[in-house]
Amino acid sequence: MEYVATLAFAKEKDQQDPLNKFREQFYFPQHNGKDAIYLCGNSLGLQSRNVKAAIDQELADWQAYAVEGYWAAKNPWLYYQQYCSKPLTSILGASQQELTVMNTLTVNLHLMMVSFYRPTSQRFKVLMEAGAFPSDQYAIETQVKFHGFDPEVAIIEVSPRPGEHLIRLEDILEIINKESDSLALVLFGGINYYTGQFFDIPAITAAAHRAGAYAGFDLAHVAGNIPVALHNWGVDFAVWCSYKYLNGGPGAVGGAFVHEKHAGNCGLFRLGGWWGNEESARFKMEKGFVPKQEAEGWQHSTAQVFNMVSLKASLELFEAAGIGALRSKSNDMTNYLVFLLQQLNGINFEIITPKNCNERGAQLSLLFLDNGKEIHQQMKNAGIIVDWREPGVIRVSPAPLYNSYQDVFHFYEIISNIASNA
Ligand SMILES: *Cc1c(COP(=O)(O)O)cnc(C)c1O
């Protein structure tokens, strides 16, 4: 595709874009009376216009029906998580039985590790990426300690080679092989939050299995960004949050995937709660936890309706747009962003995200060696919303559901101005 660094070109791209109509379904933060250039869907997705009516519906049904709402509400609350897990099947490549929507990401990570990190004195190590998101680091560190192991010994981190920013697949596979006698779990981010690198989930999963370990993934930056095929890739478990690319709103309920091959395995220990129990016995109030033989068997509590309703509304738009179409547009938009950034002079940064779009999602990470924070402030003053991550990265993520090629162009235009005034 030949790109051109002009507003006219960006406008034409928007006109040709079949997904462009979704933009008007969203609220944009305002800057000087105009829509801000919002390229921060990696951190918090925008609010779609259908959210308010969806929340009002639940408020009205609570008002009208009270407890009867579990059955009588327009959307009965009893299985509310399934309104979200159904549309997630195509986004995550899993059957509905393999998915559940509950809690928040870090909580789900702990719950999954209860089942999939069962260390023995022989096999107790966890392999993860160096520089993983802090919450993942803390979860793994404390799980390892909980089982009485020393994190210094039990956690192996794969790092980029000296002078490089990205982790090479061959290095990940080599360490998995080398540690195959002691490895209990390979737990990777799907996309590293800092570099934007998308890891080869099927290759890592296959290697983990060859080593006799489980493979789990944190899909915080993947869900709603890159379609994945968790079932076919044989991934053991995955977790994600819903407020980034999925636009579920602040604190929206996260989710978990458990592969079909495990869901029916009652020998796999899990922490129980009544909402994970076999439904036929749930209200019998009897002794003895009998988990549902599917991902919902990892649930604990009644569906958190008000933490799910905005996600339910947002997922309706994903279904209407289609994750495949979203990914195609996303690739093209991020490629356009790369092209535009390459035209810039007088500003000193490096794109550390992989060049190959099969190894990244929407996000580009711009690494500034000196004045990145200052430039981030200047962008903010000019109406751009992107985020800054210590020590030196500005993350820029055009979200295909609501961003336009013109947003990407205006972003470039503003940085060009910053650069020429520097
Ligand atoms: C955003 C993010 C989280 C956030 O976890 P919460 O429990 O939802 O606060 C965790 N891990 C990664 C990799 C993330 O990107």
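What volume does the largest pocket have? I get about 270 Å³. This is a predicted model, so to speak: local features need pLDDT of at least 70, side-chain atom pairs count only at pLDDT 80 or more, and totals for chains, interfaces and linings use all residues. Residues are numbered from 1 along each chain as its sequence is written, and side-chain values use heavy atoms, with hydrogens and water left out.My pocket term: on a 1 Å grid over the protein atoms alone, an open set of points where a 1.4 Å probe fits, with protein on both sides within 12 Å along at least five of seven lines; lining residues have an atom within 4 Å of a point. Points are joined across faces, edges and corners, and the volume is the space filled by probe spheres set on them.

I listed 16 lining residues, with Lys 34, Asp 35, Ala 36, Ile 37 and His 410 closest to the pocket centre. Strand E2 (34-35) and helix H16 (405-421) each give two or more residues to the lining, and H16 gives the most, four. (Helices are DSSP runs of H or I, at least four residues; strands are E runs, at least two.)

Next, the cores: sets of buried Ala, Val, Leu, Ile, Met, Phe, Trp, Tyr and Cys joined through side-chain atoms within 4.5 Å, buried being under 20% relative accessible area with a 1.4 Å probe, protein chains only. The largest has 67 residues, and Leu 92, Leu 127 and Leu 219 touch the most other members. Helix H13 (residues 305-321) supplies its largest share, nine residues.

I checked Leu 219 beyond four places in sequence: its contacts (heavy atoms within 4.5 Å) include Leu 92, Ile 201 and Trp 240. A second, separate core has 35 residues, among them Met 333 and Leu 366.

Key:
Buried < 20%, exposed > 50% of the residue type's maximum accessible area, 1.4 Å probe, protein only.
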